[in-house]
Every structure is written in C-alpha cells, then in structure tokens.
Amino acid sequence: MVRPAPRDLPAAPDPSTVAAAAHGLGADVAPADDSCDRPGSREVAVADAAELVAALDDAAPGDRITLADGRYPGNFVAAADGTAERPISLCGSAGAVIDGGDWGASGYALHLQGDHWTVSGLTIT
C-alpha cells in the first residue's frame with residue numbers, strides 16, 4: 001500500500017481575514033473583544049429557561065445576560081439589536097448548557113437574529 005506524503009497544514013487564518021471574507025459573503029462579522037469580560041450597562045442574571053426567554057425578549061444595547069450553571073432546555077431566539085459600541089452579551093461557563101433537545105425539528109437551540117451580540121463560554125447542544 002502506498003501512503004501519500006505528509007503535508008504541512010495551513011496556518012490558522014487571521015481573524016480580520018475571516019471577518020473580511022465573511023463580510024464579502026453578506027455577513028456582518030468582525031473580530032471583537034469579549035464583552036463578557038467587562039460589566040454591562042445592565043446586568044441580567046438568569047437561572048432557568050423562563051428567565052432566559054424573558055432576558056432575551058427584554059435585551060437592550062449594552063446588556064450583559066449571565067447564565068448560572070445548569071440546563072436551559074428549549075429553542076431560544078435573540079432578536080434584539082445591540083450596537084457596535086454597546087453589544088449585547090450572553091455569558092456563562094461551560095456548565096451553563098443551552099439544550100435544544102431534538103433541535104433537528106426546530107433547526108436551532110439558540111437563534112441569533114439581532115445584530116451585535118457576543119456569546120461566550122456557554123455550551124450549546
């Protein structure tokens with residue numbers, strides 16, 4: 001059996017290159033700092049799925065929505081718009097799990113419809 005010669009893997013792309021390529025495809029994507037690392041203009045603590053729905057429905061520019069560790073079953077929609085200067089942040093640790101269940105039927109666990117959102121640290125299944 002003949003094995004192909006090994007080849008070098010390409011280097012990881014620069015985030016600004018990825019953003020430019022995505023923008024060329026019609027997406028509004030840019031590298032951003034993690035807004036979960038700084039306080040929001042309004043801090044919203046969430047501990048269950050109903051509170052997550054309410055927080056997403058009421059989200060406003062500059063909000064930081066922080067999920068406590070636990071399971072959040074359902075299909076969630078983030079429709080509010082943040083701004084470039086004041087994104088909306090959805091934050092938590094890997095122990096905060098958005099569980100879309102059989103999301104194959106709905107097509108999503110978390111649907112980001114709005115602009116200027118940062119999602120950081122969560123587990124989405």
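Which residues make a nonpolar surface patch of about 230 Å²? I found Leu112, Val119 and Ile124 there. Areas are Shrake-Rupley values with a 1.4 Å probe, and for residues only the protein chains shown count as cover.

A note on the source: this is a predicted model, where local features need pLDDT of at least 70 and side-chain atom pairs pLDDT 80 or more, while totals for chains, interfaces and linings use all residues. Residues are numbered from 1 along each chain as its sequence is written, and side-chain values use heavy atoms, without hydrogens and water.

Next I checked Leu112, which sits in strand β7 (residues 110–112). Leu112 counts as partly exposed because its relative accessibility is 40% (buried is under 20%, exposed over 50%, partly exposed in between; 1.4 Å probe, protein chains only).

Then the fold: I counted 3 helices and 9 strands, taken as DSSP runs (H or I, at least four residues; E, at least two) numbered from the N terminus.

Last, the inside. The largest nonpolar core has 20 residues, and Leu52, Ile65, Leu67, Leu90 and Ile98 touch the most other members. A core here joins buried Ala, Val, Leu, Ile, Met, Phe, Trp, Tyr and Cys through side-chain atoms within 4.5 Å. Helix α2 gives the most to this core, with 4 residues.

Methods
Patch = residues over 30% accessible without salt bridge, like charges linked within 9 Å, V, L, I, M, F, W, Y side chains within 5 Å. Salt bridge = Lys/Arg side-chain N within 4 Å of Asp/Glu carboxyl O.
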